[in-house]
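Keep the structure open beside the text as you read.

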Amino acid sequence: MKDIIRLEKICRDFYVGGETVHALRDVSFTIREGEFVTIMGTSGSGKSTLLNTLGCLDTPTSGEYYLDGTAVRNMGKNERAVLRNRKIGFVFQNYNLLPKTTAVENVELPLLYNKKYNAAERRELAVKALVAVGLGDRLDHKSNQMSGGQMQRVAIARALVNEPAVILADEATGNLDTRTSYEILVLFQKLFREGRTIIFVTHNPDISKYSSRTIRLSDGRVVSDVENNRICNAADDLAALPVNND
Amino acid sequence: MTISNLFRIAFKALNNNKMRGFLTMLGIIIGVASVITMLAIGQGSKKSIQKEISEMGSNMIMIHPGGDMRGGVRLSADDMESLKLEDYNSIIGKCRYVSYVSPCVNAAGQLIYGANNTPTTVYGIAPDYMEIRKYKVEDGMMFSEQDIKTAAKVCLVGKTVVDELFSDGENPLGKVIRFNKIPFRIIGVLESKGYNSMGMDQDDLIIAPYTTVQKRILAITHLQEIICSAVSESFTEEAVDELTALLRTNHRISGNEEDDFDIRSQQELSSMMTSTTDMMTILLAAVAGISLLVGGIGIMNIMYVSVTERTREIGLRMSIGAKGIDILAQFLNESILISVTGGLIGVLLGVGSAIVVNKIFLYPIYIQSWSVILSFAVCTVTGIFFGWYPARKAASLDPIEAIRYE
């Protein structure tokens, strides 16, 4: 399996009011293709900074970051924008769908910033991605006509549509109730089994048992990095939930 | 990001906020419409004044006696007797650029016919006057050279005079009317010319041979005015120069001495009057231009609100691969769409209201294509100019902060 992500001694310092805050200190790890990694940490542990770095939204102060073989640290803003467009699929806690816009149009959005696709291809790929997340029957529903779970599925479809090297999920179940959270986790596990690389950033320890590997951050450092040999099946746990849970 | 996609996004954004988009557009609509209407009205009055002046005879040149100093006292031009019949006669023979020339003496007084009377002015002139001032004989005939020689007591009357004196519809031809007790036989009626642009009734007059007015009414030998026309409007200046030189020779004025006469051409009057309307046009257009500017500021304001409101959307677009330039283009395009659509509606509304002004208030209008093109171009530039800063702000947002903006 090839390396999708390789971090080498990443440091990220912020200068706030004359003081230096070390958000990340010497973070190094490698994520290979097909892994489902949860990055865990409490508030202030540096996980948001790490996510921004992994997502090429931010550049490290020092250290080297290779995304799918490309060195990111010295890239300019525009180059990173293109890289995000081609290699990364983001899933956010609050979905970030465009308001009053249909599911298909939301999913097409990343392809709009890639001249390679024409309108017909964009729609075709968007429909395919929506079918993959189980929303084949809600293509033309507008974002404000959908439930939280459905919106998050649309967001996941949007993250899939450009066939990214890695899917970055930021507290993707944070705004959902327990049952819907499990449904989303089932979806992530399905994507994992299909061989996609997923990084799931969360502060919720329950999620780590459904992933293949857990990296724990504390105070800007990696404090543990363990493979999970007994991955729980989210679908089983979903079925075991009491029906009137919510 | 292709142009058509940009337009789709901008259209959708406006569609999501129809009322706001419309109100923003309204600023531009009113601005453009008022610029076009104001220019149409301004240009319309200018055209109508020019037309009136050319009807009065655009190549007309008037020579008046000039004021003079006598013992340090500036005398009124009316008291001067510097224009003589010899001047008139020499102009006929010597001026190449002058096609018609007529002396002019006039007297005001009361006209009496039977039980009716009316105040009017009698103009003593030569037949050339008719060509210069564009008067036409409607009924009867013009007096002859013989009448001038004999200072015959004949006259032609204007329509207003006819209406006052012959109120019962009697035919004025051949009737004898009295002007200050002097009897005149009416040999012709003038075609109506109506009022001129200065509100003077051009039909309230009678005309008679200048010799008659000079000898029988005023008892003078000098002329009050000589009126001529240049061979064409474009030769007016040459004609004025020629006349000046001739009169200076006649009056033996040499070197730097002041003229004892005053030559004015209709061209001067025309430029004087149109400069007034030009000034008005500029003022009206400036006021309208300011409203266009205010409309532009409205766009800027709304675009700023829009950028703030859509910070999360901008953050999202950036995180999924939009470059700064894509965001800039998106917002700039939106403001251009507002201003261009507003501009188009404004052009239609402006042309429409100019036509309404013309049809309902019977005010002369003239819509010049450049005013339409100019105001449309200005509003497009306004859209770009006032959209630029908000779009720039949007493009320079940090995606990390923008995506988490609440």
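Two strands count as paired if DSSP finds at least two bridges between them. Helices (H or I, at least four residues) and strands (E, at least two) are DSSP runs, numbered from the N terminus. With that in hand, Ile10(A) stands opposite Val27(A) in S2(A).

Some housekeeping: residues are numbered from 1 along each chain as its sequence is written, while chains are lettered from A and ligands numbered from 1 in the order in which they are written. The model is predicted, so local features need pLDDT of at least 70 and side-chain atom pairs count only at pLDDT 80 or more, whereas totals for chains, interfaces and linings use all residues.

**Chain A as a whole**

Chain A has 7 helices and 10 strands. Its radius of gyration is 18 Å, close to the 18 Å that the globule rule gives for 246 residues, so chain A is as compact as a globular protein of that length. Here the radius is taken over C-alpha atoms, and the rule is 2.2 Å times the number of residues to the power 0.38. Along the principal axes, the C-alpha atoms of chain A fill a box of roughly 50 × 45 × 40 Å.

Of the 246 residues in chain A, 48% are buried; a residue is buried if 20 or more other C-beta atoms, placed from the backbone, lie within 10 Å of its own. Two residues are in contact if their C-beta atoms, placed from the backbone, lie within 7 Å. Among contacts in chain A between residues at least 6 apart in sequence, 70% join residues at least 24 apart.

One open sheet has 4 strands in the order S2-S1-S4-S5 (chain A), with antiparallel pairing. S2 and S5 (70–71) of chain A are at the edges with a single partner strand each, so one side of each is left without a neighbour in the sheet. In the hairpin of S1(A) and S2(A), 2 residues lie between the strands, and Gly17(A) takes a positive phi near 55°.

The other open sheet has 6 strands in the order S6-S7-S8-S3-S9-S10 (chain A), and its pairing is mixed. Its edges are S6 (88–91) and S10 (221–227) of chain A, each with a single partner strand, so one side of each is left without a neighbour in the sheet.

| Strand pair | Sense | Bridges |
|---|---|---|
| S1(A) (residues 3–16) and S2(A) (residues 19–32) | antiparallel | 10 bridges |
| S4(A) (residues 62–67) and S5(A) | antiparallel | 2 bridges |
| S6(A) and S7(A) (residues 166–170) | parallel | 4 bridges |

Within these pairs, Tyr66(A) has Ala71(A) in S5(A) as its bridge partner, and Gly89(A) stands opposite Ile167(A) in S7(A).

**Where chain A meets chain B**

How many residues of chain A are in contact with chain B? There are 19, and they touch 17 residues of chain B. The elements giving two or more residues to this side of chain A are helix H2 (77–87) and helix H3 (103–112) of chain A. H2(A) gives the most, with 6 residues.

**Inside the model**

The largest nonpolar core has 121 residues, and those with the most contacts inside it are Val107(A), Ala157(A) and Ile199(A). A nonpolar core is a set of buried Ala, Val, Leu, Ile, Met, Phe, Trp, Tyr and Cys residues joined through C-beta atoms within 7 Å. Helix H2 (residues 18–57) of chain B provides the largest share of this core, 12 residues.

Technical notes: A residue is buried if 20 or more other C-beta atoms lie within 10 Å of its own, exposed if 12 or fewer, and partly exposed in between; C-beta atoms are placed from the backbone.
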